Amino acid sequence: MKFGIATVSISGNLEEKIEAIATAGFDGIEIFEQDFIADARPPGEVGARIRDVGLEVMLFQPFRDFEGLPGALRQKAFDRAERKFDLMQELGCDLVLVCSSVHPEALGGIDRAAADFAELGDRAARRGLRVGYEALAWGRHVNDHRDAWEVVRRTDHPSVGLVLDSFHTLARRIDPDTIRRISGDRIFFVQLADAPAIKMDLLHWSRHFRNMPGEGDLDVSGFMRAVVATGYAGPVSLEIFNDLFRGGPNRAIARDGYRSLVALMDDVRHAEPKAPVDLPAFPARTAVEGTAFLEFAAQGEDKAVLERLLTTLGFRRTASHVSKSLTLWTQGEIRIIVNAETTGHAHSAWVTRGTTVCDLGFDVSSAADALARAQALGTEAFRQPLGPGQLDIPAIRGLGGSVLHFLDDSSGLGDVWSVEFDASLDSAGDDAGLLSVDHVAQTMSYEEMLSWSLFYTTLFDMRKTPMVDVIDPDGLVRSQALSTPDGRVRITLNGAETHRTLAGSFLAESFGASVQHVALATDDIFETASALTTHGFLALPIPSNYYADLAARFNIEPTLLERMSACNILYDNDGRGEFFQLYSRPFAGGMFFEIVQRRGDYSGFGAPNAPFRTAAQKRLMRPKGMPRA
Ligand code: MG
Ligand code: MG
């Protein structure tokens, strides 16, 4: 199965687009006419350059306002087509996309359109070219793939076929299963795009908000299943008009596109086992069973600050690494590593960002499978020289240059703690009842959110929940939660739009996307709070105004409310369960720990409390403009 992408989908000039598309692993390219016209090279040279980088020129597009025109206008449309055929022959492209007409003088009628296409088909055939007809969702007379297919069927010409575009079908809520009745050999090309569910004008929605399959809310998978069920085995190509992508880094966005296509077609082949989906075999989405560890890079005074905080949180320094400057801190099932190496990846992370989560480990069913899937999706393995006694743990690059490790029991990687760590350091002390990692919150720029949500949902068996707005006193932060089906691993992605929000200033200080907070679960937050006080933990102070408002919003026992206020515990209730939260004070430029208790089926993250939490944190952070200590 060949994968393509339209040049309009990414930023840059034509040459930059060609390079980004080739590097991302695509087989071919759709030339969007404007991109070609803006280039200074003659068509033959552009075509040769595309083939030089290993790409095929799959499609030339769009040819607009062709069918149904009367008299002289009709003649002019054919003349225009001949000029474009000349150009296509020089480019070395045999297929043109004709989109349904929006011309004010175009006449309707399936047979009239079919007669026009029969003549265009003859002219194309003389040159060895082909014509594909696409129904635009806002076409004047044809705006439904079923009508475009009827035009193609009645044209009955071997050089005229159908172009399907998931956006045009799904945006109009046309049942994609109607595609199953089309003959696969009459479909010449398939374009894919997803989009978020927003109610707006179709043309505006299509031109500005399309995104990669899996990034939006349309049933692109159901669409593609219907397409392959027809026997179609031709190219599958992305045609994405998106304002963020047009201004974003083209290589990263092309890689996301490739990842989205591979993941989509993998889902499709499993759902339609009889269909001709030619894709190399690779493992299914990885089941994540838990957070194996979080690793902080920290040195000197930064390290001392972090270790004091871990101590007050009830963590014990359990072990040190046999050959590296790593200490392991544990409580319940939680493992935190403090990495003070003076070379390698963690050291570079500390030098650039200060204290930061440089590595994250997931317990998975098969580490080798997780790595193989990541590689099939276009992610490179991360490798660092192994020290004496170290296990070779599969890893990839994750958020903001951090490293994501896969551990499993089946290949003995789960034994890393006894193999690589020496437990003789074990310090005594009572814990604070913290049991496991509830969620890891990663902060990034808003533009990066789609990319990271695609990363997690294509690699792991994780679902995304609808995006919510989190109100910061200085602006909006968007939050997208991802979770395994059993809720054992949860990640929240927080997209900052301005640097004035707490998330935004953290992003600026930490030089890019990274973990901003880690939430740890307890099953009795009041007991935990009292143990923390004994350990000398300083909670984020929450003002009494908050508790007065809680009393007004919820039916909470006065004694319970008093206890919450005394311990600085925040509260939420989503109708299915209750949520209690307690925060540490910010450290290392805005990182913090959160302690949570979930009761019943509460599935959120306390978003209604975020404005009060961020305001309280901002009161404790250094005044604006002061240098970092
Ligand atoms: Mg299209
Ligand atoms: Mg949280």
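Student: What makes Arg74, Glu82, Arg83, Asp86, Asp116, Glu119, Arg123 and Arg127 a network?

Tutor: These eight names are linked by salt bridges. A salt bridge is a side-chain nitrogen of Lys or Arg within 4 Å of a carboxyl oxygen of Asp or Glu. The structure holds 40 salt bridges. This is a predicted model, where local features need pLDDT of at least 70, side-chain atom pairs count only at pLDDT 80 or more, and totals for chains, interfaces and linings use all residues. Residues are numbered from 1 along each chain as its sequence is written, chains are lettered from A and ligands numbered from 1 in the order in which they are written, and side-chain values use heavy atoms, leaving out hydrogens and water.

Student: How do you know that aspartate 438 forms a salt bridge with arginine 598?

Tutor: Their closest N and O atoms are 2.7 Å apart. The limit is 4 Å, so the pair qualifies. The pair links distant parts of the chain, with aspartate 438 in strand β17 and arginine 598 in strand β25, 160 residues apart. Strands (E, at least two residues) and helices (H or I, at least four) are DSSP runs, numbered from the N terminus. Both aspartate 438 and arginine 598 are buried, that is, under 20% relative accessible area; exposed means over 50%, and partly exposed lies in between (1.4 Å probe, protein chains only).

Student: What makes glutamate 307 and lysine 303 a salt bridge?

Tutor: Their closest N and O atoms are 3.7 Å apart. That is within 4 Å, so the name applies. The two are four residues apart in helix α12 (residues 300-312), and therefore separated by about one helical turn.

Student: Why is glutamate 307 called buried, and why is lysine 303 called partly exposed?

Tutor: Glutamate 307 has a relative accessible area of 11%, so it is under the 20% limit. Lysine 303 stands at 23%, so it falls between 20% and 50%.

Student: Why is arginine 173 called exposed?

Tutor: Arginine 173 has a relative accessible area of 73%, so it is over the 50% limit. Its place is in the loop between α7 (166-171) and β7 (187-192).

Student: What is the phi of arginine 173?

Tutor: Phi is near 55°, a positive value in a residue other than glycine. Most residues other than glycine have a negative phi.

Student: How do you know that alanine 588 is partly exposed?

Tutor: Alanine 588 is at 25% relative accessibility, so it lies between 20% and 50%. Its phi is also positive, about 45°.
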